[in-house]
Amino acid sequence: MFKKILIANRGEIAVRVMRACHEMGIETVAIYSDVDREALHVRMADEAYHCGAPPARDSYLVVERVLDIARKCGADAIHPGYGFLAENGDFADSCQAAGITFIGPSGDVMRAMGDKVTARQTMQRAGVPIVPGTTETLSDEQATAFAQEIGLPVMVKASAGGGGKGMRLVREEKELEQALARARSEAQASFGDDSLYVEKFVEQPRHIEIQLLADTHGTTIHLCERECSIQRRHQKVVEEAPGNGITPELRERMGAAAVAAAEAVGYVGAGTCEFLVDKHDEFFFLEMNTRVQVEHAITEAITGVDIVKAMIRACAGEPLGIEQKDVQITGHAIEARIYAEDPDKNFVPSPGEIIVFRPPGGIGVRLDSGVYQGATVSVYYDPMVAKLVCWGANREEAIERTKRALSEFVVKGIKTSIPFHQKVMRHPVFLQGRYDTGFIDEQMDGGKGGETRGGEEDAEVLRVAQIMAAIAAYRRDKDRAAKASGSVGGGSGGDPWRDFGRRAALRGGLR
Ligand code: MV4
């Protein structure tokens with residue numbers, strides 16, 4: 001097993017990886033940019049080294065500097081987390097060349113999956129269903145001819161893309177020319193590669209992904225699915241596991257397809273196979289993510305498998321130690337990604353010092369966060385400040401627990417998406433579990449409204465509700481206190497915390 005791992009990341013995922021390392025008796029090395037000197041991941045590591053200026057391209061993304069630090073401190077492996085260098089095949093190659101294990105699949109696997117046309121070819125050969133469309137990149141003329149052949153609507157996608165970049169929906173023939181031109185220039189600007197392919201558009205799809213684990217001894221298993229259809233501008237907001245209405249039969253077929261996909265490329269470590277699922281429960285391969293994902297924790301909650309430990313062990317050459325038949329789902333888990341964004345102002349970033357940070361807790365509640373009270377959220381990195389993962393014996397309990405945890409969670413100094421999550425948890429379509437990728441746009445007005453309209457009004461309603469609740473509680477307690485001792489006066493009968501909370505609530509100060 002590794003003795004020392006350098007974590008080439010920051011925030012909650014760096015903390016998550018370090019926790020796994022510490023449980024495994026592995027020493028941890030943090031790297032940090034100028035603005036991360038006092039970050040949680042630095043405080044938690046056994047050693048920490050400065051890696052450059054705040055913009056990621058000048059620090060966390062500088063391959064040679066990261067490798068230099070790893071060599072100097074004697075790390076025998078690098079865990080990339082997600083984002084940054086996690087899906088950079090050339091970085092994985094550089095690690096290998098330096099004699100340091102990259103905790104992830106080989107550079108070849110990452111490049112093959114990074115190129116979407118190559119990935120589609122590979123999946124087709126492996127017998128994994130892909131969205132009907134081309135498995136070659138196309139000229140504008142070829143793309144036009146093909147769109148006419150399979151019929152509109154189609155999606156024009158960048159081969160180098162993924163996650164929604166360089167992607168255009170074409171519903172009518174007259175839109176095709178412009179869509180091709182725009183997708184091409186966006187792809188060129190974003191990826192330096194303007195190759196495109198065309199897919200039939202899948203109407204009202206759901207995003208369902210399968211978690212995979214593979215070792216170097218020929219064992220590949222899946223840990224069932226996650227439903228990630230609640231997204232805003234291709235950013236996941238809420239995820240749940242298992243997926244809504246996914247029958248054991250469909251789970252088994254999707255799981256087998258995902259395992260076949262991983263085996264076809266010689267996958268090692270933890271990965272994810274993303275699928276689109278249509279109204280008829282037909283599923284189509286979309287992309288393979290060759291990293292640990294943000295939402296891995298909901299799968300941990302329902303399977304009891306520590307995915308980060310498993311990927312470290314697998315990449316150290318150890319056997320997985322579990323077989324497919326050992327994987328059982330228990331209960332239901334929901335993740336709410338808490339972003340430092342103002343949901344009342346179209347989710348603009350809300351950086352700044354976290355003045356108050358009171359995390360939720362209690363049964364079934366897990367909070368993975370990269371911040372603490374007094375820490376500063378900078379504008380340089382991903383705005384996600386915490387992941388709230390709630391487990392329940394069933395979906396209803398998981399939802400109630402998420403609501404309860406969200407209502408306990410106090411963050412002051414920055415705005416967060418907590419109020420938006422509270423709206424999602426109350427939304428009738430969400431409660432029924434019958435949503436698709438159009439949920440936020442169609443059911444929640446893109447995130448602007450929901451059932452209560454306007455941030456100002458909403459805040460006012462909340463304030464009035466708090467005042468009324470506080471008055472009611474005050475009266476109740478006064479009655480009780482009077483009955484108990486015949487005394488007069490305010491307060492709750494002796495609990496200063498409660499009194500403080502009520503005074504603060506009356507001022508509109510808490511929550
Ligand atoms: C699609 C699609 C419908 N039909 N492809 C968006 C991100 C990228 N990973 C693929 N995406 C989509 N591809 C075909 N042929 C609809 C989407 C899509 C989507 C997919 C998953 C989650 C959220 C989404 C939101 C809008 C569109």
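Domain bounds here come from an automatic or database domain assignment. With that settled, look at the ligand. The shell around the ligand takes at least three residues from domain 2 (107-130 + 206-330), and at least three from domain 3 (132-200).

A word on the source. This is a predicted model, where local features need pLDDT of at least 70, side-chain atom pairs count only at pLDDT 80 or more, and totals for chains, interfaces and linings use all residues. Residues are numbered from 1 along each chain as its sequence is written, and side-chain values use heavy atoms, with hydrogens and water left out.

Now the chain as a whole. The protein chain holds 17 helices and 22 strands. Those are DSSP runs, numbered from the N terminus: helices are H or I with at least four residues, strands are E with at least two. The chain has 511 residues, and 53% of them count as buried. Buried means under 20% relative accessible area, exposed means over 50%, and partly exposed is in between, with a 1.4 Å probe and protein chains only. The accessible surface of the chain is about 22300 Å². Carbon and sulfur atoms own 50% of that surface. Areas come from the Shrake-Rupley method with a 1.4 Å probe, and for residues only the protein chains shown count as cover.

What about contacts along the sequence? Take the contacts with a separation of 6 or more: 64% of them join residues 24 or more positions apart. Contact means heavy atoms within 4.5 Å.

Back to the ligand. Which residues come nearest? Of the 17 residues around it, they are Lys 157, Glu 199, Lys 200, Val 202 and Glu 287. A residue is near when one of its heavy atoms lies within 4 Å. By type, the shell has seven nonpolar, six polar and four charged residues. Nonpolar covers Ala, Val, Leu, Ile, Met, Phe, Trp, Tyr, Cys and Pro; charged covers Asp, Glu, Lys and Arg; the others, Gly among them, are polar.

For Lys 200, a backbone N or O atom lies 2.8 Å from a nitrogen atom of the ligand. For Val 202, a polar backbone atom is 2.9 Å from one. For Glu 287, a polar side-chain atom is 3.1 Å from one. The ligand on its own has 520 Å² of accessible area, and the protein covers 89% of it. Strands S6 (154-162), S8 (196-200) and S13 (283-289) each give two or more residues to the shell.

Arg 184 sits in helix H8 (residues 176-191). Arg 184 counts as buried because its relative accessible area is 16%. Beyond its neighbours within four places in sequence, Arg 184 touches residues including Asp 140, Asp 194 and Leu 196. Leu 85 is in the loop between strand S4 (77-79) and helix H4 (89-97). Its relative accessible area is 2%, so Leu 85 is buried.

Last, the backbone. Most residues other than glycine have a negative phi, and most peptide bonds are trans. The bond from Leu 152 to Pro 153 is cis, with omega near 0°. Pro 153 lies in the loop between helix H7 (140-150) and S6. The bond from Ala 241 to Pro 242 is also cis, with omega near -5°. Gln 204, not a glycine, has a positive phi of about 40°.

Notes:
A polar contact is a pair of N or O atoms within 3.5 Å; within protein, one must be able to donate a hydrogen and the other to accept it, and residues adjacent in sequence count only if both atoms are side-chain atoms.
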